[in-house]
Amino acid sequence: MNETTLKKIARVLLGGSLIFTGLGHLTFAREEFQAQVPDWVPLGKDDTVVASGVVEIALGGALVLTNEKLQGALGKVAAALFAVVLPGNISQYTHRRDAFGLNTDTKRFVRLFFQPVLIYWALKSTEKVKSTEK
């Protein structure tokens, strides 16, 4: 399998994951996502969850459907989104809020290390393939 195909699979999987997660924000996991909203966010927790869900659905759809010209920019937007939500994960850890099966300090702490993985995934799956491949 060549690099172009691998990147496309990774990008589509990331986009699909964002769509699924965004739908969770709006429906079946709405309360759980509220546990991640830091107290200092000026919007209400439910409003924040709904707004972020809409953003995730839109971004996920864009990642799945985009043309090659826009992939790099969308990857940077996705990476920025993952960086922006990190304070929510930190808040969940520091306030010991249970959600998504993260019911111990250890589980909540380990989860913090997945955010850089998502950032890397967003950037690598959308970067331009070097021209050596045909």
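Guide: Helices are DSSP runs of H or I with at least four residues, numbered from the N terminus. The model discussed here is predicted.

Visitor: In which helix is Leu26 placed?
Guide: A run of at least four residues in H or I counts as a helix. By that assignment, the place of Leu26 is in helix H1.

Visitor: Is Leu26 buried, partly exposed or exposed?
Guide: A residue counts as buried under 20% relative accessible area and as exposed over 50%. Leu26 has a relative accessibility of 28%, so Leu26 counts as partly exposed.

Visitor: What span does helix H3 reach from its first C-alpha to its last?
Guide: Helix H3 covers residues 45-65, which makes 21 residues. At 1.5 Å a residue the expected span is 30 Å, and the span in the model is close to that, at 30 Å.

Visitor: Against which helices do the buried residues of H3 pack?
Guide: The buried residues of H3 include Thr48, Val49, Gly53 and Glu56. Also among them are Leu59, Gly60, Gly61 and Leu63. The buried residues of H3 pack against helices H1 (3-26), H2 (30-34) and H4 (68-94).

Visitor: Which elements give two or more residues to the nonpolar patch?
Guide: The patch on the surface is formed by Phe109, Val110, Phe113, Phe114 and Val117, which together have about 490 Å² of accessible area. Two or more of its residues come from each of helix H5 (105-112) and helix H6 (114-124).

Visitor: What is the relative accessible area of Phe109?
Guide: Phe109 has its place in helix H5. Patch residues need over 30% relative accessible area. Phe109 is partly exposed, with a value of 37%.

Visitor: How many residues apart are Glu3 and Lys7 in helix H1?
Guide: The side chains of Glu3 and Lys7 meet in a salt bridge, 3.6 Å from N to O. Glu3 is partly exposed at 33% relative accessible area, whereas Lys7 counts as buried because its relative accessibility is 11%. Both lie in helix H1, about one turn of the helix apart, a separation in residues of 4.

Visitor: Which helices hold Arg30 and Asp46?
Guide: A salt bridge joins the side chains of Arg30 and Asp46 at 2.7 Å, N to O. This pair links distant parts of the chain, 16 residues apart, with Arg30 and Asp46 in helices H2 and H3 respectively.

Visitor: What is the N to O distance in the salt bridge of Asp39 and Lys45?
Guide: Asp39 is exposed, with a relative accessible area of 51%, whereas Lys45 is partly exposed at 28%. Their side chains meet in a salt bridge with an N to O distance of 3.1 Å.

Notes
Residues are numbered from 1 along each chain as its sequence is written. This is a predicted model: local features need pLDDT of at least 70, side-chain atom pairs count only at pLDDT 80 or more; totals for chains, interfaces and linings use all residues. Side-chain values use heavy atoms; hydrogens and water are left out. The expected span of a helix is 1.5 Å times one less than its number of residues. Buried means under 20% relative accessible area, exposed over 50%, partly exposed in between (1.4 Å probe, protein chains only). Contact means heavy atoms within 4.5 Å. Patches are made of residues with over 30% relative accessible area and no salt bridge: like charges are joined within 9 Å, nonpolar side chains (Val, Leu, Ile, Met, Phe, Trp, Tyr) within 5 Å. Accessible areas come from the Shrake-Rupley method with a 1.4 Å probe; for residues, only the protein chains shown count as cover. A salt bridge is a side-chain nitrogen of Lys or Arg within 4 Å of a carboxyl oxygen of Asp or Glu.
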